Every structure is written in C-alpha cells, then in structure tokens.
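These are my notebook entries on one structure. I set out to look up its aromatic rings and their surroundings.

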Amino acid sequence: NGEAWEAFENRVDEFLSELLLAVKEDAKTDLIRDVVLPGHSHKRVLVVTHGGVIRQLQARTIPELTFRDSIAPSPGTVTVMKLLWRGGQWSVVNGKN
C-alpha cells in the first residue's frame with residue numbers, strides 16, 4: 001500500500017536535517033559559511049536509494065522544481081548532486097544523471 005506522502009516528505013526532510021548536522025559537526029562550528037572555499041571542510045555522502053527519493057531531494061534543493069516536475073533517473077544509473085548550505089537552505093551547485 002506504500003508510504004503516505006507526508007511521511008515520505010518528512011523522511012527526506014529528516015535526512016537533509018541530519019546531513020546538515022553532520023556537516024556542522026565536521027566543521028566544528030555552529031555556522032556553515034555561505035561560500036565553501038577550497039580547503040574548507042566538506043563531506044562526501046553516498047546515498048543508495050530509489051528514484052522517488054532522488055526526485056524529492058531535487059525538489060527540495062532546486063528552486064521552483066517540484067517532485068512532479070523532476071525527472072526520475074533510469075533504473076541502475078548514478079545521480080550526482082553537489083549540495084551547498086546557503087541562506088538557511090540546501091541548494092544544488094551541480095547535479096547530473
């Protein structure tokens with residue numbers, strides 16, 4: 001019967017919140033700077049998931065993109081998203097399928 005939409009959104013949002021906490025912990029600071037400069041702390045994260053979660057991550061990080069508008073990646077492919085915490089929200093610096 002599947003997961004309720006609200007539960008799905010909450011699960012993806014919780015992941016993004018936990019990701020921010022991990023980055024803050026690594027940087028040993030309470031503030032993530034608006035610009036990431038070479039040599040500053042960054043974190044690589046491997047996420048193995050299905051296309052629905054990828055579409056929701058895109059919708060949450062790409063302005064004016066909704067889940068319905070995002071394109072599902074083909075099964076068995078890799079999607080790379082470089083995220084930046086800026087202005088109190090995550091944004092995609094670059095993304096590719």
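Predicted model: local features only at pLDDT ≥ 70, side-chain atom pairs only at ≥ 80, totals over all residues.

Residues are numbered from 1 along each chain as its sequence is written, and side-chain values use heavy atoms, with hydrogens and water left out.

Entry on the overall fold. I looked up the secondary structure and found two helices and two strands; helices (H or I, at least four residues) and strands (E, at least two) are DSSP runs, numbered from the N terminus. Along the sequence they follow the pattern α-α-β-β. Of the 97 residues in the protein, 24% are buried.

Entry on aromatic pairs. A pair of aromatic rings is described by the distance of the centres and the angle of the planes. Rings of Phe, Tyr and Trp (its six-membered ring) pair if their centres lie within 6.5 Å; planes under 30 degrees apart count as stacked, over 60 as edge-to-face and the rest as tilted. I found three aromatic pairs in the structure. One of them joins W5 and F67, edge-to-face, with 5.0 Å from centre to centre and 70 degrees between the planes. W5 lies in helix 1 (residues 5-27) and F67 in the loop between helix 2 (51-61) and strand 1 (80-86), so this pair ties together parts 62 residues apart in sequence. I noted W5 as partly exposed, with a relative accessible area of 41%.

I then turned to F8 and F67. Their ring centres are 6.2 Å apart and their planes stand at 80 degrees, so this pair is edge-to-face. It links distant parts of the chain, 59 residues apart, with F8 in helix 1 and F67 in the loop between helix 2 and strand 1. F8 counts as buried, at 7% relative accessibility.

Entry on the surroundings of F67. Which residues form one aromatic cluster? I listed W5, F8 and F67. I also saw that the charged end of R55 sits over the ring of F67, 4.1 Å from its centre; the rule requires NZ of Lys or CZ of Arg within 6 Å of the ring centre and within 35 degrees of the ring normal.

Terms used: Buried < 20%, exposed > 50% of the residue type's maximum accessible area, 1.4 Å probe, protein only.
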